[in-house]
Structures are given as structure tokens and as C-alpha cells.
Amino acid sequence: MSKLLFRKKEIEELLQNEGTIQLKKTLGAFDLLLLGVGAIVGTGIFILPGTVAATHAGPGIVFSFIIAAIVCAFAGMCYSEFASSVPVTGSAYTYGYIVFGEIVAWLVGWALLLEYGLAVAAVATGWSSYLNSLLAGFHIVLPQAISGAFNPAAGTYINVPAIFIIFATAFLLTLGIKESTRFNSWMVFLKVAVILLFIGVGVFYVKPTNWEPFLPFGISGVFSGAALVFFAYLGFDAVSSAAEEVKNPQRNMPIGIIGSLLICTVLYVAVSMVLTGIVPYHALNVSDPVSYVMQLVHQDWIAGIISLGAVVGMMTVILVMSYGGTRLLYALGRDGLLPKSMAELSPKFKTPVKNTWIFALLVAFCAGFVPLSKLAELVNMGTLVAFTIVSIGVVYLRKNKNIPSGGFKVPFFPVLPILSFLLCLFLISQLSILTWIACGIWFIIGLIVYLAYGRKNSEMNKQ
């Protein structure tokens with residue numbers, strides 16, 4: 001029994017072209033950079049710097065972002081080594097299959113489905129509220145009954161805008177990854193331009209006295225702030241899902257993963273410095289701190305542009321996280337752990353159209369009818385589980401003598417991967433008991449699905 005549960009995939013087998021229809025290799029390093037920035041820069045940059053500065057770190061939030069970036073960079077380097085050595089779709093799920101075996105791979109894949117699905121639903125819900133406030137600026141008001149998560153007490157029954165953006169994104173993904181990345185590129189340029197506009201205008205209103213004291217909550221506040229803003233970086237792991245569609249993955253995957261983390265860190269730190277320099281940190285505990293400070297300095301037109309940037313920014317997060325979810329379903333279907341229909345590619349577009357729409361329907365239901373505030377932490381749990389597996393998995397990957405040479409290698413091996421593993425475990429320990437219980441229930445459901453279907457239908461049975 002244990003042999004079946006822990007059977008592993010061979011790297012040589014994964015690197016062979018399986019089947020007659022394959023995903024098209026169309027992406028370069030720059031495409032991956034923009035995918036990463038598209039996934040990371042979303043709600044985090046427009047909300048977290050203000051609220052975390054006000055309640056945890058003060059102006060010292062810049063150190064919180066840097067610490068969180070270092071933790072993510074450690075995990076990102078482990079992802080980069082896997083992605084350049086094993087350029088196959090499926091991200092941490094596929095990596096787990098190689099080093100730990102089928103049951104661990106399945107549970108990592110199950111955790112990632114939770115991350116991608118709930119992240120898309122939560123961001124779509126946030127997108128809906130930003131869209132409502134943007135439309136209100138033009139005196140357009142959507143009926144309350146159809147513009148929020150299910151809450152009969154408040155007279156709200158369905159979140160139509162959230163459902164719309166998920167379906168629109170699904171349609172775009174069915175056309176092909178090159179078309180999707182082209183759209184993502186324009187949206188990323190637009191939202192980065194909005195962020196740079198804020199920094200460029202805001203810097204003239206900075207008063208250095210607002211940075212005193214720089215660490216009002218002490219060093220402990222900086223660390224607790226880092227645990228919170230860590231989640232502003234989530235999304236770079238979705239870049240590794242593109243491995244099978246990348247030209248020259250050994251060179252381009254590390255550039256995409258680490259480069260996008262570096263760009264986002266610079267943006268986060270700059271926005272935080274300007275925010276806390278314009279107004280005292282304790283006045284930033286609002287839902288829209290970036291546009292709020294622009295209104296305080298009577299730059300209302302920029303506040304309006306920032307609202308537009310937030311709407312655009314969240315669209316790219318929805319796109320990239322949906323992409324990661326559909327490619328994970330593709331890998332699970334191809335391996336037989338889920339029905340084969342999950343791995344069917346459209347003859348015309350060479351994309352997994354069926355699984356894209358199934359994923360969109362399930363996520364749209366959550367975004368349209370379920371208030372997600374209490375479930376948001378589950379996104380973090382799913383991500384951190386994947387990070388721990390990938391971090392410690394690199395140690396085992398190096399022992400495999402069949403790895404193709406010339407790919408990216410994690411520096412300071414094995415110290416850095418082990419440190420990444422321990423830091424991720426520490427962050428998991430900071431999550432609430434409710435999150436642990438909910439996540440435990442999700443994994444129990446996953447085990448039942450695997451034992452009832454995946455174990456019997458796995459492609460590994462044919463060997």
C-alpha cells in the first residue's frame with residue numbers, strides 16, 4: 001500500500017513529450033516577468049501598506065516588506081531551480097511528485113487548488129467593490145442586491161460584477177496564453193504607471209517629521225508586519241505553472257520568478273515610504289490609503305486615477321491566478337488523478353478549455369454567493385504548504401543524478417533551502433486555529449477524493 005502511495009515520477013519521463021497534443025511554447029523571459037508582476041501587484045499595494053503601518057509597524061513597514069521579500073526570495077530560488085530543471089506544468093504539485101511521491105504531490109496540488117481558487121474569488125470580490133466606488137465617481141450606482149457577496153440582512157444576494165470578471169478572464173484564457181499575456185502586459189504597464197504617478201506626485205508632499213519615530217511598535221512590530229505583508233507577494237508561484245509553455249525555461253524561469261519579486265519589492269517599499277511620509281502612520285488605517293492621502297493633499301484627480309489603477313491591478317491578479325489553477329487541473333488530469341477531461345486541449349487554441357470553464361464556474365459561485373472574509377487565510381495556508389514542500393524538496397532534487405545540467409541552482413546549498421523551509425513553517429504557525437481546522441477539513445476531503453478516484457485511475461498504474 002505504501003509503495004502505491006509514495007510512487008514517484010522519473011524526471012526523464014516528465015521531460016519526454018507525453019501525448020500527441022502539447023501546450024505551445026510561446027513565452028519569453030519578459031512575458032514571465034510581466035506575469036509575475038501581474039500576479040503580485042494587486043490589492044496588496046493599494047491596501048496593505050496603510051493598514052499594516054497604522055496597526056503594526058509604522059514607517060518601519062519598509063523593513064517589513066524587505067523581510068517578507070527575503071523570505072519569498074528564498075522560496076522563489078527553490079522554485080526557480082525546480083522550474084529550470086523540470087520545465088513541466090503543475091508547479092509545486094509536479095515537483096512533489098518527483099521527490100516525495102504521489103500522495104504528497106496530490107495533497108500539494110489539492111492545497112494549491114485551494115490557494116488559486118479562493119485567491120481568484122477573494123480578489124474578484126475586492127475588484128467588485130473597487131468597481132462600485134469607481135462608478136460612483138461617475139454617478140453610476142449598481143443595485144445593492146446584485147453588487148455584493150450574499151448577505152440578505154444587508155439586502156445583497158449575488159455579486160454580479162465579480163462573476164462577470166471571472167467569466168471574462170476565463171474567456172481570455174481559452175484563447176491562448178500568448179493572447180492572455182498580451183492583455184496582461186498592457187494591464188501591468190497601466191497599473192505600474194499609476195503607482196509611479198502616485199510616487200512621483202506624492203514625493204513632493206512628504207514631510208520627514210512624519211517618519212519619527214520610525215519604529216513606533218519596535219522590532220517586534222516590524223516582524224509581525226512582515227508576517228502580514230508576506231501575503232502581498234503571493235502569486236509568483238503561479239509563474240512556475242507556465243514552465244511547459246516557456247521557450248528556454250532553464251534561463252527564463254529564474255528571471256521571471258526572481259525578477260518579478262525584485263520589481264515588486266522596490267514598488268512596495270517606495271509606496272510605503274511616500275504614504276508614511278505624507279501623513280502620520282496612525283492616520284492610515286483606511287480601506288484605500290493610497291487614494292485617501294491624495295485626497296488629503298487635494299489631488300482628487302490622481303485619487304480617481306488610482307481607483308482605476310486598483311481595478312486594473314486586480315484584473316491581472318485574477319488572470320494569472322486563474323491561469324495557475326487551470327494549468328494545475330491540466331496536470332492532475334494528465335496524470336489520471338482527476339478525470340481525463342481536465343487535460344483535454346482545444347484543437348484550435350491548444351488550451352484546456354473544459355477545465356478553464358469548470359474552474360471559472362466553481363470560483364464564480366464562491367465569489368458571487370459566499371462572503372470570503374473568514375476564508376481568506378486559507379489562501380495563505382495553501383501557499384505556505386506548497387512553499388515548504390518546494391523548499392525542502394530541492395535538497396532531495398540535488399541527489400538525483402538525472403537532472404539536466406545548466407539550469408539555475410540555489411546558492412548557499414543546502415543552508416538556504418532549509419532556512420526557507422523553517423521560515424515557511426514559522427509563518428504557518430502564525431495562522432489562526434480556525435484556519436488550521438478549515439484546512440484540515442479540506443485535506444480530509446482531498447484524501448477521500450484520492451483514495452476513491454485518483455489511486456485507481458493514476459497513470460502510474462500503467463507502469
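This is a predicted model: local features need pLDDT of at least 70, side-chain atom pairs count only at pLDDT 80 or more; totals for chains, interfaces and linings use all residues.

**The core and its surroundings**

Reply: Of the 151 residues in the largest nonpolar core, Phe198 and Met294 are the ones that touch the most other members. A nonpolar core here is a set of buried Ala, Val, Leu, Ile, Met, Phe, Trp, Tyr and Cys residues joined through side-chain atoms within 4.5 Å; buried means under 20% relative accessible area, exposed over 50%, and partly exposed in between (1.4 Å probe, protein chains only). Helix H7 (residues 102-136) supplies the largest share of this core, 20 residues. Helices (H or I, at least four residues) are DSSP runs, numbered from the N terminus.

Now for Met294 itself. Leaving aside neighbours within four places in sequence, Met294 is in contact (heavy atoms within 4.5 Å) with Phe198, Val201, Gly202, Ile278, Gln299, Asp300, Ile302, Ala303 and Ile306.

Ile305 sits in helix H13 (residues 300-334). Ile305 counts as partly exposed because its relative accessibility is 28%.

Thr356, in helix H14 (residues 353-369), is a buried case, because its relative accessibility is 2%. Beyond four places in sequence, Thr356 is in contact with Ala170, Leu173, Thr174 and Thr326.

On the surface, Phe63, Ile66, Ile70, Leu215, Ile219 and Phe223 form a nonpolar patch with about 530 Å² of accessible area together. Helix H5 (61-85) and helix H10 (218-229) are the elements giving two or more residues to the patch, and H5 gives the most, with three. Patch members have over 30% relative accessible area and no salt bridge, with nonpolar side chains (Val, Leu, Ile, Met, Phe, Trp, Tyr) joined within 5 Å. A salt bridge would be a side-chain nitrogen of Lys or Arg within 4 Å of a carboxyl oxygen of Asp or Glu, and areas come from Shrake-Rupley with a 1.4 Å probe, only the protein chains shown counting as cover. Phe63, in H5, is partly exposed because its relative accessible area is 39%.

Residues are numbered from 1 along each chain as its sequence is written, and side-chain values use heavy atoms, leaving out hydrogens and water. The pLDDT (the predictor's confidence in each residue, from 0 to 100) averages 85, and 95% of the residues score at least 70. Over residues 17-21 it is below 50, and this stretch has seven contacts beyond near neighbours in sequence.

How values were computed:
Patches are made of residues with over 30% relative accessible area and no salt bridge: like charges are joined within 9 Å, nonpolar side chains (Val, Leu, Ile, Met, Phe, Trp, Tyr) within 5 Å.
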